[in-house]
Amino acid sequence: MISGRFFMEREEDRNRILHDMDILYPTEPAAEKTKRYFKEKKKYFFLALMGGILFAILLEISTLQQSVLQTGNRIARGSYDTGSKTVHLSAYYNDGSEKEDISMQISGQQYSLSETERMYTEMMKQLPSIILGENSSFDEVRKHLNLVKRVEGYPFHIRWQPDSYRLIDQYGTIHSEEIEEEGSVTRIKAVITYEDYQAESVFHIRLYPQLLTEQEKFIEEIHQEVEKRNAASVTDAEIQLPDQIEKKEIIWREKKSHESLYLLLLTIVCSVTLYYGKDMNLHKQVEQRRKEMKIDYVEIISKLALFLGAGMTTKGAWKKIVTDYEKACHSGMKKRYAYEEMMITYHEMCSGVSESTAYERFGRRSELPCYQILASIISQSVKRGAKGTVTLLLREMTGAFEERKSIARQLGEEAGTKLLIPMFMMLLIVMLMIVLPAFLSLQGVS
């Protein structure tokens, strides 16, 4: 069990977190938010701890089940085709006082000599038909041979050694240009090995030039003629392409890559993306404006209630808020949408628009119900007098506070969700650092 002292934060750390919570969430009690913060932090800690412990237990169970050392100090070899494996053991003296860590190579199980010879005989019955590929017999080989390195089901490795690499190479590729029309006889030797066992087998083959279609012959003749002219005119500044081959007229045209089409397509895609992306960005800005104005709503109402309660006129209170905002902007404060709308309204009143009309325009421009209510309250106060206006503003401010709390809570949840992504990525990296060496070690043992 983890001691409770582990979760006892220092007083200065708690005060710092309390201060940060007070700044980030001014509409919520910082103490309550800090309490929830520590509760969530402990929850994530225990989730990660329990997950890691569970994974470690499962890994240990898997390791115990895959024990290398069996009863009677026996070690099981790998199967015939797995090869050798590395085993890590500890050797103790009789009294158990000392031990030695030993790593050794255990070879895989091998076939006996009689089994090897039997399998060799079986494989040699299949090998000729495999290497012939699409050819019918070794007396007429016109297509490339299938010189395989291994035959499935047998442990042998095959290495091919042609007598004449000019005619055929170790991969079975035939060089038709070097083969006579009546055929060329050659040999190819297969060196077959398995552990200490080695055998050789020789295949006699007659190679013929490949049978080409009319189109393939025509293409081959063009290549030969162009190569011939190229070799004869290496000192010239130009090469003359043939106008006809075998009395067939040839018309040459340059093959264009038309990369401009790809550029045009990319341009269209980018243009459409930018066009609609601009709309998306505009919608995003409008949504951001709405959120920001909702956040500033409580502050504006409280200022108006304060100034009107102090005896200022509606226009005077409005002017005071706008003037203070302009001073703050000159001092480097970022512009706020709600105060910008108030500034426009004040300039309209200065230019001769009546107060009630200017306030009504302010409500319509905001496109938010809360500001439309505010404009209605202020407009009515201008028409019917300021009596009761402060009371209405205070009542509206109470509901606005609840709205602002909801917005702040939503923004906090969104930020918390974004922070979970790097947290889980870091957890995944740590788990990989722990698990990967364990799995590599298990693979080495097996």
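Colleague: Where do Asp 324 and Lys 320 lie relative to each other?

Modeller: This is a predicted model, and in it both Asp 324 and Lys 320 belong to helix H6, where they are four residues apart, about one turn of the helix. Their side chains meet in a salt bridge, with 3.4 Å from N to O.

Colleague: Are those two buried, exposed or partly exposed?

Modeller: Asp 324 is partly exposed, with a relative accessible area of 31%, and Lys 320 is also partly exposed, at 35%.

Colleague: How many salt bridges are there by this rule?

Modeller: The count comes to 13 salt bridges. One of them is between Arg 336 and Asp 296, whose closest N and O atoms are 3.0 Å apart. Arg 336 sits in the loop between H6 and H7 while Asp 296 is in helix H5, so this pair ties together parts that are 40 residues apart in sequence.

Colleague: What about Arg 365 and Glu 341, what do their side chains do?

Modeller: They meet in a salt bridge as well, at 2.7 Å from N to O. Because Arg 365 lies in helix H8 and Glu 341 in helix H7, the pair ties together parts that are 24 residues apart in sequence. Arg 365 counts as partly exposed at 26% relative accessibility, and Glu 341 counts as buried at 12%.

Colleague: Which residues are joined with them into one network?

Modeller: Salt bridges that share partners join Arg 289, Glu 348 and Arg 361 with Glu 341 and Arg 365 in that network.

Colleague: Changing topic, then: how many residues are in the largest nonpolar core, and which have the most contacts inside it?

Modeller: That core has 33 residues, and those with the most contacts inside it are Ile 300, Leu 304, Trp 318, Met 342, Tyr 371, Leu 374 and Leu 393. The elements giving two or more residues to this core are helices H5 (259–309), H6 (314–330), H7 (337–350), H8 (355–366), H9 (369–384) and H10 (389–445). H5 supplies the largest share, nine residues.

Colleague: Take Ile 300; what is it in contact with, leaving aside its neighbours in sequence?

Modeller: With neighbours within four places in sequence set aside, Ile 300 is in contact with Ile 321, Ala 338, Tyr 339, Met 342, Tyr 371 and Leu 374. There is also a second, separate core of 30 residues, which includes Leu 132, Phe 138, Ile 158 and Leu 207.

Colleague: One more residue, Asp 169: where is it found?

Modeller: Asp 169 is in the loop between strand E5 (157–162) and strand E6 (184–194). Asp 169 is buried yet has no salt bridge, and the nearest side chain of opposite charge, that of Lys 149, is 9.4 Å away.

Colleague: Which backbone nitrogens does the Asp 169 side chain have around it, then?

Modeller: The side chain reaches the backbone nitrogen of Gly 172 at 3.1 Å, and the backbone nitrogen of Thr 173 lies 2.9 Å from a polar atom of that side chain. Not counting residues up to four places away in sequence, Asp 169 also touches Leu 147, Pro 162 and His 175.

Note on methods. Residues numbered from 1 in each chain as written. Predicted model: local features only at pLDDT ≥ 70, side-chain atom pairs only at ≥ 80, totals over all residues. Heavy atoms only, no water. Buried < 20%, exposed > 50% of the residue type's maximum accessible area, 1.4 Å probe, protein only. Lys, Arg positive; Asp, Glu negative; His and termini not counted. Salt bridge = Lys/Arg side-chain N within 4 Å of Asp/Glu carboxyl O. Polar contact = N/O pair within 3.5 Å; in protein donor to acceptor, adjacent residues only side chain to side chain. Contact = heavy atoms within 4.5 Å. Core = buried A, V, L, I, M, F, W, Y, C linked by side-chain atoms within 4.5 Å.
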